[in-house]
Amino acid sequence: MTSLIVSDLIQIVMTTLTVGSMYALIAVGVSLIYSATGVINFAQGEFVMLSGMTVASLYGSMGWPLTTAIAVALVVVLFYAALLTLLTSILAARISLIGVLIITIGASIATQGIAARIWDSDTHRFAPFSGEDPIRILDATISPQALWIVGVTAICIAGLIWFMRSTMAGKAMRACSLDQAAATMVGIPVKATVLLSFTLSGLLGAVGGILTTPLTTIDANSGMLLAIKGFTAAMLGGMGSIPGALFGALLIAFVETVTVTVGSSAFKELPTFTIIILVLLFLPRGLVGGRNEIGLQHEDLTRQ
Amino acid sequence: MSILTFIKQDAVHLNTARVALFLTAILLVPVVFGIGYYLNMMIFIAILSLPAMGLSLLSGLSGQLAISHGAFFAIGAYASAILSTNIGINPVLSTLLAQMIVALVAAAIGAVVLRLRSHYLAIATLSFAIIVELVIKEWSGLTGGMQGMLNIPAMGALGREATSDIQYYYIYWPITALLLLFALNLSSSRIGRALRAIREGEPIVDSLGIQAAEYKIGIYIISSVFAGVGGALYAHFVGFVTPATGSIMFAIEIIMVLALGGFDRLWGALVGVVLITLLNEYALGFADYKKIILGVTLIAVMLVFPRGLLPGLIDLARSNKYGRTA
Amino acid sequence: MNIKKLSLTALALGASILTYTSAFAQDGAPIRFGAPLILSGPGAFAGEAGKRTLDVLVDTVNAAGGINGRPVEMIYYDTEGKPDVAVRVVNRLVKSDRVDAVLGPIASWEAVAVKQALDRAGVPTLMLSATRASVDPQTDCMFKLPADDAIVVSKLYEYLVSAGLTKIAVISTLDGFGDGGHRELEEQASAAGIEIVFDERFSMEDTDLAPLLNKVKRSDAQALINWSSSRAPVIVTNTVRQIGLEIPLIHSHAALSPAVLKGAGENAEGMLAAGAKFEAADSLPDDDPQKAVIQEYRASYEAAFGEAPNQFGAGAYDAFKILTAAIGQVGTETKALCHAIESTSNYVGLGGIYTYSESDHAGLGTDSVIVYQVRSGAWHIVK
């Protein structure tokens, strides 16, 4: 009986970490772009979809080496991130927040359609990096791929935090997120900073797609739901804060896992979204608390 | 009635004249073109205009974006469907009763989430919409679960029910026109002006003695009821509802409608619905291409006409006109 | 000339024009079939196979001079896997395109949704969906082709009891297909001597099913039945392996497709499913009348499209054959056509041997269903 409870706990912790890592890669990306532009990027899930589908077709179907396939996927995502930067920040310089939000929705929908044409609408997957055989701890089982997901995510996010705190470019990004006008005045190239945010954010999404596709599968239309999960996680933790996004992602994953374990899988999302409404109400800056809120400066979404 | 007393009479007259002219033209269409499949599309336009007008009212008057209109469309549809199918209430009555349910839910949710703004309000209303969708899927004893509800009675009363598209056409369009007139008048009423003042900056408004919170909840309820009426009309027209009715994707589609029609234009909402309906209809069989066309159109419209397609075109026409006269 | 005479002449003239045009319509005017199929989104592979099959069949019929001299015209619409879109396209088919008959839709949740619209319009319909609900309750002119949940469940239970597995866990998706299967599994259990010890629903959008399947692992179930379609069987199969759940895994007939085998790869080894004989024609006994028919279809499909067909294309094939045979006998007048379809008896098709009757619009019995197991990457007959 005790071993059963212990196994349950191990299983809950492992599933939380795996699913939480997946959400975190998206949530941190959402948060980065929000810091730089004040916009929620609805197309965030498309980074995941594009990289997952690219690797699935090149490595999974066509038999290319895994590293080459991953390299191609990263290039694809970088191009896509640059395109998004162009659409949402450079061309859309004088558009209301809601306008930019709709541009990202438009980009997400168009990308789904294009991906369904390039590949198809079926579910895709490729073999996990270290085989399918589960690792057993007492009665709990973990897929080796889950260890890859948790490990690589931890490295990526730690690296990102170091980058933001210790490099010039990272400091410039933080300065821009605090006050764009002031950043411009002290000579920080704001546009380049925005491009850098999109690039980093795209890379995180790409890593997510490459790591999780063997476990969760991917199809042309997966992106938008992932994006919704991602920005709810980011908002839960506090928009604009990287540790916040990470915390929000893990919390959502934990609540979902516990709900499924002790309750019903059909109700998995009910507690999550109830918690989100409550957190927004009582801690509008999220559980961890974001930094200065560009969104609050633009309270009116339709104002240009 | 009480609203009317606050409105400048000439605004009411102008609105009434425009809507009356519009409705006359709409009602003459089948007389000129006869009966055809296009009626089916026109009925959908009448139905979908309602949630779009509701959201336009909210975003136009308060500058805020809610992603809950799909959910209220679904609540209106399911409530009326359940009342008429399971309890046997007449569809006209059930449509009205359903709106009381919508208004109650909107009041409760509004009281909670309207303290938030901007992206936070958007995400809170999105969360609410996801919860509604889940409850509909799960409460299968009442809602039929994923399979939805079938064989919902057709719209009608006193033993006569609508059986053909042309009958629905002549029942639904006057309802839509009436609600459009109501929305236009509300927008130009004292209430509308007060809401715009709130949008500009609440501290000033508070000092003038306008109760910002109540006004905001009021407009949120009205705007949600528009969506609820649309839902009930939808249910009694197509005869079935599923959790896809009013899903998140539907809510996003309504936002797209506003992007095309302009965020603060009630007439624009109608234009947006026409465009989306035409696209949906002519892209049938090409779902992937439809997504590409829709996505690219949205991006292009936002980049070229940031305030929406219709306001953009109107501005363009005006500047040309002035250009010529000058 | 008095008015009476004039009007009589006009009437006669009118009548002759009418007879002329209707004779003309019988002669050369095309027969129009509408096919609302799922052609995009997850599940598009099913609609695609149906469309390819129908295209070939239409070409063949028209090359041979059509049906009684009338060419066949096929109108396809994409239902996108959404019930509301399905209803819209069906309305367009019956109101705008004025089709003589409808073949489709494939997804169960679409089939159930369009039933009312088709019944109101009175258009003869051959449903390609795998749920009994598409013809239950029965309507005048609606028939169903693929093996459905009712007979598949009954076959599965028969197999489980014979294998001594009477305590089962059931997971099913929250959609029309899962609903239908879940209902049948529940209703038939006690009569078959099966006890359902675990029963939970999940969403098609769920990407992580480990917590759900871990609960199954902790129950005392001897077998797991997964009633889901599209990509869900792949995710279930992979997760079952990933968490090390070792009781037999049994899928519904929706999992019988090459796409599922491909998606699950090695993990598919040993899993079971029940469904029509279509997937294992080569291992059928030679005296099975379906063997030759299925082999021929599979060979020609593979030759034409370079990949294996699936049961959804097979359903479309049978529907087209049954429908055109009936039209060949009686033409396209609705009442006569419905009656002719209803009189179809012992038609040897790809999905089974069909016999419709006034009380049975499903046409198949449990003898058309077999139990499969995956061995070395292919479906093999168990029973």
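**Close-up views of a predicted model**

**View 1. Seven strands of chain C form an open sheet in the order β7-β6-β8-β9-β10-β13-β14, with mixed pairing.** The model shown here and in the other views is predicted. At the edges of this sheet are β7 (195-202) and β14 (378-381) of chain C, each of which pairs on one side only. On average, and with direction ignored, neighbouring strands of the sheet are turned by 30° against each other. Helix α7 (residues 210-218) of chain C packs on the sheet and touches β6, β7 and β8 of chain C. The direction of α7 makes about 175° with that of β7(C).

**View 2. Strand β8 (residues 223-227) of chain C is largely enclosed by the rest of the structure, because 5 of its 5 residues are buried.** A residue is counted as buried when 20 or more other C-beta atoms lie within 10 Å of its own. Which residues point one way from β8(C), and which the other way? A223(C), I225(C) and W227(C) point one way, while L224(C) and N226(C) point the other way, and all are buried.

**View 3. Strand β8(C) pairs with strand β6 (residues 167-173) of chain C and with strand β9 (residues 249-251) of chain C.** The pairing of β6(C) with β8(C) is parallel and has 5 bridges. Within it, S172(C) stands opposite W227(C) in β8(C). The strands β8(C) and β9(C) also run parallel, joined by 3 bridges. Here the bridge partner of N226(C) is H251(C) in β9(C). Together with helix α8 (residues 232-242) of chain C, the strands β8(C) and β9(C) make a right-handed β-α-β unit.

**View 4. Strand β13 (residues 369-375) of chain C and β14(C) run antiparallel.** The two strands are joined by 4 bridges. In β14(C), H380(C) is the bridge partner of Q373(C).

**View 5. A further open sheet of chain C has 5 strands in the order β2-β1-β3-β4-β5, with parallel pairing.** Its edge strands are β2 (72-78) and β5 (142-144) of chain C, and each pairs on one side only. Neighbouring strands of this sheet are turned against each other by 20° on average, direction ignored. Strand β4 (residues 125-127) of chain C pairs with β5(C) in the parallel sense over 3 bridges. In this pair, L126(C) stands opposite F143(C) in β5(C).

**View 6. Helix α3 (residues 69-85) of chain B has 17 residues.** From its first C-alpha to its last, α3(B) reaches 24 Å, close to the 24 Å expected at 1.5 Å a residue. Why is α3(B) described as largely enclosed by the rest of the structure? The reason is that 17 of its 17 residues are buried.

**View 7. Residue A46(B) is found in helix α2 (residues 38-62) of chain B.** A46(B) has 24 C-beta neighbours inside 10 Å, so A46(B) counts as buried. Which residues are in contact with A46(B), leaving aside its neighbours within four places in sequence? They are Y172(B), W173(B) and T176(B). L313(B) is 267 residues from A46(B) along the chain, and the C-alpha atoms of the two are separated by 23 Å.

**View 8. Chain A meets chain B through 43 residues of chain A and 38 residues of chain B.** On the side of chain A that touches chain B, the elements giving two or more residues are α4 (97-118), α9 (223-237), α11 (269-282) and α12 (294-297) of chain A. The most comes from α4(A), which gives 14 residues. By class, this side of chain A has 26 nonpolar, 11 polar and 6 charged residues.

**View 9. Chain B is also in contact with chain C, with 20 residues from chain B and 22 residues from chain C.** The side of chain B that touches chain C divides into 9 nonpolar, 9 polar and 2 charged residues.

Technical notes. Residues numbered from 1 in each chain as written. Chains lettered and ligands numbered in written order. Predicted model: local features only at pLDDT ≥ 70, side-chain atom pairs only at ≥ 80, totals over all residues. Contact = placed C-beta atoms within 7 Å. Nonpolar A, V, L, I, M, F, W, Y, C, P; charged D, E, K, R; others polar. Expected span 1.5 Å × (residues − 1). Buried ≥ 20, exposed ≤ 12 C-beta atoms within 10 Å, placed from the backbone. Pairing = 2+ DSSP bridges. Right-handed = clockwise from strand over helix to strand, strands pointing away. Axes fitted to C-alpha atoms, helices over the stretch in contact; angles between N-to-C directions.
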